[in-house]
Amino acid sequence: MSQRIRIRGGRVIDPAADIDRETDVWIGGGRLLAVGDAPPEGFEADFEIDARGHLVWPGIVDLAARLREPGAEHKATIASETRAAVAGGITTLCCPPDTTPPIDTPAVVELIRKRAQTAGFARVETLGALTRGLGGETLTEMAALKEEGCVGVSNARYPLASSLVLRRALEYAATYDLTVFLHPEDHALAAGGCAHEGEVATRLGLPGIPAAAETAAVAHALALIEHTGARAHFCRLTHARSIRMIARARYDGVPVTADVAIPYCFLTEHDISEFDARCHVRPPLRTAADRDALRSALASGAVDALCSDHQPHEPDAKCNPFPMTEPGISGLDTLLSLGLRLVDEGVLDLPTLVARLATGPGDILGLAQQGAGRLLPGRRADLIVIDPDAVWRVSPETLLSAGHNTPFMGWELRGRVTHTLVGGRVVFERRPEPN
Amino acid sequence: MSGNIQLDAQGRLRHFLTIEGLNRRILTEILDTAESFTGVTAQQVKKVPLLRGKTIVNLFFEPSTRTRTTFELAAKRLSADVLNININASSTTKGETLLDTLRNLEAMHVDMFVVRHAESGAAHFIARHVAPHVSVLNAGDGRHAHPTQAMLDMFTIRRVKGPDFGRLRVAIVGDILHSRVARSQIHALNLLGAGEVRVIAPKTLIPVDIEKLGVHVFHRLEEGIQDVDVIIMLRLQRERMQGALLPSEHEYFRLFGVTEEKLARARPDVTIMHPGPINRGVEMESRVADGPRSVILQQVGHGIAVRMAVMSLAMRAGGVPDEEREAS
């Protein structure tokens with residue numbers, strides 16, 4: 001069934017293999033066979049993708065995408081979102097455990113995997129719940145979750161009952177070599193808040209979430225990570241000081257990684273302006289200085305991954321006074337193009353962007369060996385071809401996600417996927433638009 | 001940037017949601033119009049026919065007697081038909097969304113909504129979703145704004161102190177953090193050119209970056225009221241007096257309660273204001289509240305004239321021609 005494909009003449013970028021040159025990629029048997037000008041011996045292409053003038057990257061690995069299934073299919077489904085993912089260049093995405101029911105039993109893991117396989121677009125990895133029902137008190141059967149395929153464990157944005165629960169959870173997860181994904185937020189400090197505690201929240205009278213809600217939680221978690229020696233990943237950092245604390249811990253040898261979500265690299269508290277509910281996100285958009293710190297951290301490698309933090313909503317979820325709306329931005333469609341905009345703005349170079357979108361997150365999920373986020377001969381052929389000059393406007397017509405809740409609506413972006421391959425199969429192809 | 005939704009293409013008031021983003025001309029127009037309406041209340045027949053045939057709905061998602069009553073009286077004195085709708089939070093959680101409620105009422109050909117809601121931004125949200133001919137007046141949204149209260153306070157200050165705000169030093173005392181009244185007063189005072197605006201409270205009740213709204217922050221009452229011309233007290237909600245914000249009523253009164261003794265530091269002709277209802281012995285002692293420098297009861301009376309002014313101005317922008325207004 002699987003075809004032999006030559007991807008011809010694109011600018012192939014794989015920072016993990018230190019590749020950045022115009023060459024060919026050879027695919028067969030669902031695997032990546034070789035990167036180079038000469039075909040593997042005896043290779044005869046079934047067809048060719050002409051990538052001249054285009055970019056060829058390993059597929060994007062998105063560390064956080066809510067698919068809304070099971071439990072909130074009125075917002076989106078695994079089929080709708082994995083399709084949007086591959087159209088946006090994302091070949092692997094990671095589903096946090098806060099589904100309904102949560103991913104706290106192997107049955108839910110199996111259900112998500114099967115739905116994703118049936119849909120046949122992007123690969124879907126799952127994070128298991130750290131505690132039963134995400135209730136923060138009783139540990140889940142993490143070993144069983146891992147056997148069923150969970151790549152890590154997390155309590156999503158739900159609080160843990162005590163420092164003791166976090167300590168035990170870190171220890172227990174480490175027993176099974178599971179990374180613990182932490183959303184650093186001190187829940188008492190953040191309680192009731194819906195915007196960054198700063199100038200804009202004060203002006204609009206919105207209950208604030210102080211930056212210290214994040215830094216206090218990072219400091220607290222770092223102490224326990226260091227104590228237990230567990231491997232942990234900090235999700236969705238928003239504040240300059242958290243990044244400095246984590247960089248310091250890494251320097252001291254603490255095994256932690258971190259990511260940021262792309263909206264926070266562009267938007268600040270000021271984008272809430274006059275109660276724009278599309279900018280209601282958790283954690284909240286922070287200051288321009290924080291946004292700049294996140295950008296620097298992406299460039300320097302102080303954070304390892306850039307993700308969409310995709311949270312699709314139905315229109316009603318955002319149709320209320322600001323504090324009553326549901327937080328979150330739909331982001332699968334715009335992750336790649338906004339990433340390329342960071343390159344255009346001189347924040348990153350292209351190989352670094354690939355490192356943050358593909359290599360870094362692939363490593364965090366422990367999927368490097370399988371070739372996630374890399375162009376690894378003999379491993380999965382998940383890759384994308386990008387027309388870097390294609391200009392498109394974010395609009396209800398161009399968005400494929402079921403969720404149209406994005407503050408980037410109306411933005412003109414550059415760079416679009418022309419082909420997405422998952423397991424050596426073309427799962428998405430964008431036909432050139434008629435002139 | 002902000003406030004544009006409040007104005008029509010000619011820059012006239014269409015909605016009244018927040019003071020922020022308006023200008024001195026509009027605020028002065030409101031005050032002058034209110035002045036012209038103070039006579040109406042003194043007449044035998046306390047009515048003018050300006051809004052005859054118009055329907056105004058008081059849409060209150062948060063309980064209120066005083067504010068709702070003054071809006072109701074203001075609308076009736078302008079000869080409008082008034083409908084009071086009180087929606088407690090529980091009925092909105094039963095499934096009908098705020099927008100559903102709004103659409104249902106709009107179908108009854110409403111011309112103006114007066115809205116009070118517990119969440120900041122509710123009035124803006126409603127203004128964005130009403131039909132083009134409908135005006136929205138904010139009667140208080142969360143911690144955000146209570147612009148008619150601020151305007152009646154400005155009206156009171158102008159009556160007592162004269163029209164030159166530039167020579168006035170005004171102190172606002174109390175729970176700034178949770179106060180929509182304080183936010184609107186700060187914007188109004190600054191737009192009218194007040195010489196200095198101060199806020200006075202313990203750090204737990206001062207929101208971050210409040211200085212950026214154009215105020216000086218004081219944490220000691222004695223320093224904050226030094227040489228001020230006007231002191232505006234804010235109501236302290238009882239539920240905020242215990243717990244982590246304030247240790248006790250007793251300590252608050254001792255440190256931030258206004259007494260005759262402490263008033264010696266203010267200017268001799270200092271004016272004392274409070275939006276009511278007063279917690280006597282917490283925010284101020286009775287001698288101050290009932291004393292000669294207090295204008296608390298006048299404030300209440302001014303509320304009707306100011307709300308009449310805002311209603312008639314917003315309705316004009318909504319399409320009532322000036323000739324008709326002048327003829328009536």
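Residues are numbered from 1 along each chain as its sequence is written, and chains are lettered from A, with ligands numbered from 1, in the order in which they are written. Because the model is predicted, local features need pLDDT of at least 70 and side-chain atom pairs count only at pLDDT 80 or more, while totals for chains, interfaces and linings use all residues.

**Chains A and B**

The contact between the chains takes 18 residues from chain A and 24 residues from chain B; two residues are in contact if their C-beta atoms, placed from the backbone, lie within 7 Å. On the side of chain B that touches chain A, α4 (98–106), α5 (122–129) and α7 (180–191) of chain B each supply at least two residues. Helices (H or I, at least four residues) and strands (E, at least two) are DSSP runs, numbered from the N terminus. With three residues, α5(B) gives the most to this side. By class, the side of chain B that touches chain A has ten nonpolar, eight polar and six charged residues. Here Ala, Val, Leu, Ile, Met, Phe, Trp, Tyr, Cys and Pro count as nonpolar, Asp, Glu, Lys and Arg as charged, and the others, Gly among them, as polar.

**Domains of chain B**

Chain B is assigned domain 1 (4–146 + 301–327) and domain 2 (147–296), with bounds from an automatic or database domain assignment. Their centres, taken over C-alpha atoms, are separated by 26 Å. Domain 1 of chain B brings 27 residues to the contact and domain 2 of chain B brings 22 residues. On the domain 1 side, two or more residues come from each of α1 (24–42), β4 (135–141) and α12 (296–317) of chain B. That side of domain 1 divides into twelve nonpolar, nine polar and six charged residues.

**Helix pairs of chain A**

Axes are lines fitted to C-alpha atoms, for helices over the stretch in contact, and angles run from 0 to 180 degrees between N-to-C directions.

| Helix pair | Crossing angle | Axis distance |
|---|---|---|
| α1 (residues 78–87) and α2 (residues 106–119) of chain A | roughly 60° | within 9 Å |
| α4 (residues 163–175) and α7 (residues 212–228) of chain A | about 40° | 10 Å |

The angle of roughly 60° makes α1(A) oblique to α2(A), and that of about 40° makes α4(A) oblique to α7(A). Angles under 35 degrees count as roughly parallel, over 145 as roughly antiparallel, 65 to 115 as roughly perpendicular and the rest as oblique.

A:I78, A:A79, A:T82 and A:R83 of α1(A) meet A:I112, A:R115, A:A116 and A:A119 of α2(A). In the other pair, A:S163, A:L166, A:R167, A:L170, A:E171 and A:A174 of α4(A) contact A:A221, A:L224, A:I225 and A:T228 of α7(A). The residues of this second contact divide into six nonpolar, two polar and two charged.

**Backbone features**

Most residues other than glycine have a negative phi, and most peptide bonds are trans. A cis peptide bond joins A:E69 and A:P70, with omega about 5°; A:P70 is in the loop between β6 (60–62) and α1 of chain A. Another cis peptide bond joins A:R282 and A:P283, with omega about -10°.

A:A156, not a glycine, has a positive phi of about 50°. A:A156 sits in the loop between β9 (152–154) and α4 of chain A and is buried, with 20 other C-beta atoms within 10 Å. In chain B, phi of B:S79 is near 70°, and B:S79 is partly exposed, with 15 other C-beta atoms within 10 Å. A residue is buried if 20 or more other C-beta atoms lie within 10 Å of its own, exposed if 12 or fewer, and partly exposed in between, with C-beta atoms placed from the backbone.
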